[in-house]
Amino acid sequence: MHFQRLTALAVTVALAAPMPLFAQKRTDMDALAADLERALGHGHVQINGRPAEAPPARSASTFEEAVVEAMNRERVANGLGPLKINPRLSLAADDRITDMFAKHYFNHVSPDGLKPWTWAEKRGYNYREIGENLAVGYPTADDVVDGWMHSPGHRANILGHSFEEVGVAIASGSPERGFAGPTVVALYGER
């Protein structure tokens, strides 16, 4: 029997919300640097005479790219701009999926209480808003996105007006028994 399972973090975390630790750590200089980097392009911003730290290199797999392409088709069909793959969010999604497999869970909150934005913060992603979609058991990228589009919380993240960037990670199995893979993590962000 083939099982499919979805879960979405339907509520995004805004900078003004009291919950995220990141809201306390972000400085005005960080916010300004992120805004300037976005406006001027990578490598054009320096903080205290040092170039802003470049994200580590990571290339997306064909399946991950196909998931982003399928999400972008939905966004364009709904009058939105496409999501861009962000290397820091991709690495955060990798970390997230690794943790899920190591601790055998499929949930937005890890057994030790870590929330989705924790993974983005650990990878140095400065954000205003974060969203997360999870899926397991959908064999193709189109199936994953179709499943998400039929779920209000997932759909809200894919079509989120404020989301500009995404990181996707995929693992072939499932972190929990009783479900077949692949497992998909998508982290959406706005800076």
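Let me begin with strand S6, residues 165-171, which is mostly covered, since six of its seven residues are buried. Buried means under 20% relative accessible area, exposed means over 50%, and partly exposed lies in between, with a 1.4 Å probe and protein chains only. Helices (H or I, at least four residues) and strands (E, at least two) are DSSP runs, numbered from the N terminus.

Before I continue, a word on the source. This is a predicted model, in which local features need pLDDT of at least 70 and side-chain atom pairs count only at pLDDT 80 or more, while totals for chains, interfaces and linings use all residues. Residues are numbered from 1 along each chain as its sequence is written, and side-chain values use heavy atoms, with hydrogens and water left out.

Now to the neighbours of S6. Two strands pair if DSSP finds at least two bridges between them. Strand S4, residues 84-85, is joined to S6 by two bridges, and these strands run parallel. Here Ile85 stands opposite Val166 of S6. Strand S7, residues 183-190, is joined to S6 by seven bridges, and this pair runs antiparallel. Ala171 has Thr183 of S7 as its bridge partner. As background, the side chains in a regular strand alternate between the two faces of the sheet.

The loop between S6 and S7 contains Pro182. A cis peptide bond joins Gly181 to Pro182, with omega at about 0°. For context, most residues other than glycine have a negative phi, and most peptide bonds are trans.

Let us turn to helix H3. Its residues are 62-77, 16 in number, and the distance from the first C-alpha to the last is 22 Å, close to the 22 Å expected at 1.5 Å a residue. The expected span is 1.5 Å times one less than the number of residues. Which residues of H3 are buried? They are Glu64, Val67, Val68, Ala70, Met71, Asn72 and Arg75. In general, an α-helix has 3.6 residues a turn, so residues three or four places apart point the same way.

What covers the buried residues of H3? The cover includes strands S4, S6 and S7, together with helices H4 (87-103), H6 (141-149) and H7 (152-158). After H3 comes Gly79, whose phi is positive, near 75°.

A positive phi is also found in His104, a residue other than glycine, where the value is near 55°. His104 is placed in the loop between H4 and helix H5 (116-122). With 57% relative accessibility, His104 counts as exposed.

I come now to the salt bridges. A salt bridge is a side-chain nitrogen of Lys or Arg within 4 Å of a carboxyl oxygen of Asp or Glu. How many are found in a search of the whole structure? The search finds six.

One of them joins Asp142 to Arg73, with the closest N and O atoms 2.5 Å apart. Asp142 lies in helix H6 and Arg73 in helix H3, so this pair ties together parts that are 69 residues apart in sequence. Asp142 is partly exposed, at 46% relative accessible area, and Arg73 is partly exposed at 46% as well.

Another salt bridge is formed by the side chains of Asp95 and Arg123, at 2.7 Å from N to O. This pair links distant parts of the chain, with Asp95 in helix H4 and Arg123 in the loop between H5 and strand S5 (129-136), 28 residues apart. Asp95 counts as partly exposed at 21% relative accessibility, and Arg123 counts as partly exposed at 27%.

Glu132 forms a salt bridge with Arg96, the closest N and O atoms being 2.6 Å apart. Glu132 belongs to strand S5 and Arg96 to helix H4, 36 residues apart, and the pair links distant parts of the chain. Are these two residues buried or exposed? Glu132 counts as buried at 0% relative accessibility, and Arg96 is buried, also at 0%. Lastly, Asp99, Lys103 and Asp112 are linked in a network of salt bridges.

I close with the chain as a whole. The protein chain has seven helices and seven strands, in the pattern β-α-α-β-β-α-β-α-α-β-α-α-β-β along the sequence. Of its 191 residues, 44% count as buried. Contact means heavy atoms within 4.5 Å. Among contacts with a separation of 6 or more, 73% come from residues 24 or more positions apart.
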